[in-house]
Amino acid sequence: MNVQRTARLNTAGTIIALISLSLAGCSSGGSSDNSDNLVAASVNGKTIMLKDVERGVSAQSGGKQAQLSQLELAQARLQVLGTLIQREVLFQRADKESLKPTEDEITAIINQQKQQSGMTDDDFQKSLTAQNLTMESLREEARKDIAIKKLQEKYSSKITVSDKEVEDFYNSNRERFVSSRGVALAMIVADPADNSAQGVQNDAKNDAEAKLKIDNISQQLKGGADFATVARAKSEDANSVTRGGDVGFATEDDLKQNGFAPELVTRLFGMQAGDTTEPIRFNSGKWYVFKLEEKRLQTENLTLESPGVRPQITQALINQRKDILNAALLEVAMNEAKIVNNLASTMLNNPSNLGLRPASPGVVASPASSIPSASSQATASPASAASPPSTAASPKASASTKP
């Protein structure tokens with residue numbers, strides 16, 4: 001079994017990526033020729049188009065694929081195509097096992113992701129248009145996401161973890177279970193940099209706009225507005241927006257190492273859970289409002305019976321098993337599928353320029369000119385490109401905050 005094929009294909013991941021990509025960098029083309037009708041690969045006869053590979057490369061590079069070197073572009077294309085092949089293989093397996101979602105399930109997950117992204121219906125539609133996507137194509141991606149998740153859960157639902165396994169893990173990793181002095185925070189950010197290209201809603205584009213925005217946010221919070229709701233709608237920190245501003249627990253040392261001034265650290269430890277700060281400007285120029293979710297005033301060792309420790313270990317062990325099962329599932333499905341990777345074959349046939357760009361400057365590019373079109377597929381030896389492995393994190397007692 002080759003665990004290097006492990007694919008973390010979550011329901012939310014692809015949909016969020018599709019509806020929140022940079023509006024300035026979502027063109028589907030990565031070359032100067034028309035790739036709309038070229039077939040990059042096929043899985044059991046189902047084609048994967050080169051234009052879909054280009055769209056993935058564009059998303060992965062933030063719309064800057066033209067700045068990639070020849071080798072970087074070749075590697076990116078193979079990686080993106082490898083992921084698309086894996087998705088198609090698993091989707092077909094889910095279909096075979098009668099695990100495709102209903103139309104209502106697809107609608108529900110799209111609506112959920114729209115809400116979490118904070119996009120208006122108009123912004124959502126603009127994002128789709130900028131990516132050359134239709135609602136139909138978005139629903140198809142959601143259909144694949146949900147089906148793959150159902151397939152993975154069919155097998156992972158059978159995982160069990162014994163009390164002895166939990167106890168053994170704790171006894172072998174006692175040093176990890178320490179309740180450090182620190183705080184759990186949520187935050188709302190106003191950034192004076194222009195982040196509109198990243199799909200940031202209500203983006204402040206200079207210092208004056210950022211200050212005005214954070215002051216307005218502060219007034220809303222003082223007026224009783226829900227912190228999480230405001231964070232989802234107005235914060236300019238993409239990593240915390242979907243969690244309502246929540247950035248987790250940070251030790252006192254974490255805070256200091258991430259630019260929190262000593263007086264701010266002291267202030268946070270003097271606050272009560274639920275309190276918020278006034279707007280605070282960091283050296284980066286960004287403005288923050290913090291909400292104290294929890295504070296721990298003493299550092300102490302946790303026992304196996306301390307609140308949350310046993311469930312934390314159990315879930316981590318389950319996640320590790322899930323990763324291995326997902327890798328095994330993908331390995332079996334890939335081995336059973338008939339995969340024709342035209343892009344990889346084209347690269348092998350054009351080693352001097354990998355079939356992507358002319359070897360010398362000044363020559364008009366004809367990327368993937370030998371890749372067959374949808375109407376005339378050529379046969380090639382089955383090949384696949386693998387994504388790097390993803391492993392489950394071990395249990396930790398704290399997480400760091402990085403404004």
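Hi everyone, let's start with helix 9: its buried residues pack against strand 4 (182-190), helix 8 (207-222), helix 10 (238-241) and strand 7 (287-296). Keep in mind that this is a predicted model.

So which residues of helix 9 are buried? Helix 9 covers residues 227-234, and the buried ones are Phe227, Val230 and Ala231. If you look down the axis of helix 9, those buried residues fall within an arc of 100 degrees, so they line one face of the helix.

Now for a pair of helices. Helix 6, residues 135-156, packs with helix 13, residues 309-336. The angle is about 115 degrees, and the axes are 10 Å apart. As for handedness, helix 6 and helix 13 make a right-handed crossing. If you'd like to find the contact on screen, look on helix 6 for Leu151, Gln152, Tyr155 and Ser156, which meet Lys322, Leu325, Asn326 and Leu329 of helix 13. Sorted by class, this contact has 4 nonpolar, 3 polar and 1 charged residues.

Finally, a word on confidence. The average pLDDT for the protein chain is 80, and 77% of the residues score at least 70. Where pLDDT is low, the predicted coordinates should not be read in detail.

How values were computed: Residues numbered from 1 in each chain as written. Predicted model: local features only at pLDDT ≥ 70, side-chain atom pairs only at ≥ 80, totals over all residues. Heavy atoms only, no water. pLDDT = per-residue confidence, 0-100. Axes fitted to C-alpha atoms, helices over the stretch in contact; angles between N-to-C directions. Helix = DSSP H or I, 4+ residues; strand = E, 2+ residues; numbered from the N terminus. Left-handed = near helix turned anticlockwise from the far one by under 90°. Contact = heavy atoms within 4.5 Å. Nonpolar A, V, L, I, M, F, W, Y, C, P; charged D, E, K, R; others polar. Buried < 20%, exposed > 50% of the residue type's maximum accessible area, 1.4 Å probe, protein only. Arc of directions from axis to C-beta.
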